[in-house]
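Visitor: I have a structure to look at. Could you walk me through it?

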Amino acid sequence: MKQDGRNRTKAYAAGALALLAFATACGGNGDGAAAAPADRTTAPAAPQPTGGAAVAPAAAGTPTAAPAAGDAAWTKWNLKPLAPAPAPPADKPIKLERTGTVPVFSDVKTNDKVVFITIDDGAEKDPKFVEMLTDLKVPISMFLTRDIVKNDYGYFKPLQALGNHIQNHTVDHPVMSKIPPEKQKSEVCDDQSALTQQYGTAPLLFRPPFGDGANTPTLNSAVQQCGPRAIVLWRETMQIHDMQYQGEKKLKPGDIILAHFRGPKELKGATMTEMFGELLARIQEQGFSVARLEDYIQAPAS
Ligand SMILES: [Zn+2]
């Protein structure tokens, strides 16, 4: 859990803005990203531990807005209800291609008053968080690191079953720009194959630890060779009680928020559900709702 992202701000001019957040974004088991081209019109793929690496079909049809939780559910968690998310756009703001350079983005162009929550690494596996998301039905995207989740892949399956996608965040969370190209490739490819085997659907998105290397040709090439079709960064980083913003201290439509699966050891005694409740409260008081990131992204035609 060391803060090894701290001294990297000189790295890339192109990623400088995002790097502002890295120092604290990814302490220890930082950030991560991977997305799956699951079909929202069907139930999430059942886990296929037998190794069937079937890729779910690209999103088809018109997804509907996620079911809203009732007021009682919010009260149970001492929260004010979030406004329900609007129906996902039929014309996706982000359209991914099957081949070529993968785009890098930290927000989504939309006028919808929505933000997207991404949760990285997978260290803390708190059953109460599964209960909380089951109650509140807030969509998240999970960027999982193989060696951090492999002691309990099963923990994430009920979260996936709620419609949440699992995305790629490397094998063991290195600083990508510090390792050779072939190692960068295996970090992405080996997480891709492990997550595909465990969760039955191939991640569509990738997030490098600490956001490091996101704008380098070497990492882009590695990602291209392993399957994900976009590199996802973020605009805000959730701490314990509030978010760290880039620039103006307020959310904007389409912002991607980085949070982590963390527990009391990393959160100064706060639990994962307390941290997540604080995050929802910060979103609610600014009048935003939470939408599903993958509903705003068009996967490549298969
Ligand atoms: Zn991470």
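Guide: Here are a few questions and answers on this predicted model.

Visitor: Which residues of helix α7 are buried?
Guide: Helix α7 spans residues 217–226. An α-helix has 3.6 residues a turn, so residues three or four places apart point the same way. The buried ones are Leu219, Asn220, Ala222, Val223 and Cys226.

Visitor: What covers the buried residues of α7?
Guide: Several elements take part, including helix α6, residues 181–199. Two strands are also among them: β7 (205–207) and β8 (230–232).

Visitor: Is Cys226 buried or exposed?
Guide: Buried means under 20% relative accessible area. Cys226 has 11%, so Cys226 is buried.

Visitor: Which residue forms a disulfide with Cys226?
Guide: A search of the whole structure finds one disulfide. Its sulfur atoms are 2.0 Å apart. The pair links distant parts of the chain, 37 residues apart, from helix α6 to helix α7. The partner of Cys226 is Cys189.

Visitor: Is the link of Cys189 and Cys226 left-handed or right-handed?
Guide: Look at the angle about the S-S bond. The angle is -90°, and the link is left-handed.

Visitor: Which element gives the most to the largest nonpolar core?
Guide: That core has 46 residues. Phe129, Phe276 and Ile283 touch the most other members. Elements giving two or more residues include β4 (114–121), α3 (127–136) and α8 (272–285). With seven residues, the one that gives the most is α8.

Key: Residues are numbered from 1 along each chain as its sequence is written. This is a predicted model: local features need pLDDT of at least 70, side-chain atom pairs count only at pLDDT 80 or more; totals for chains, interfaces and linings use all residues. Side-chain values use heavy atoms; hydrogens and water are left out. Buried means under 20% relative accessible area, exposed over 50%, partly exposed in between (1.4 Å probe, protein chains only). Helices (H or I, at least four residues) and strands (E, at least two) are DSSP runs, numbered from the N terminus. Contact means heavy atoms within 4.5 Å. A disulfide is a pair of cysteine sulfur atoms within 2.5 Å. A nonpolar core is a set of buried Ala, Val, Leu, Ile, Met, Phe, Trp, Tyr and Cys residues joined through side-chain atoms within 4.5 Å.
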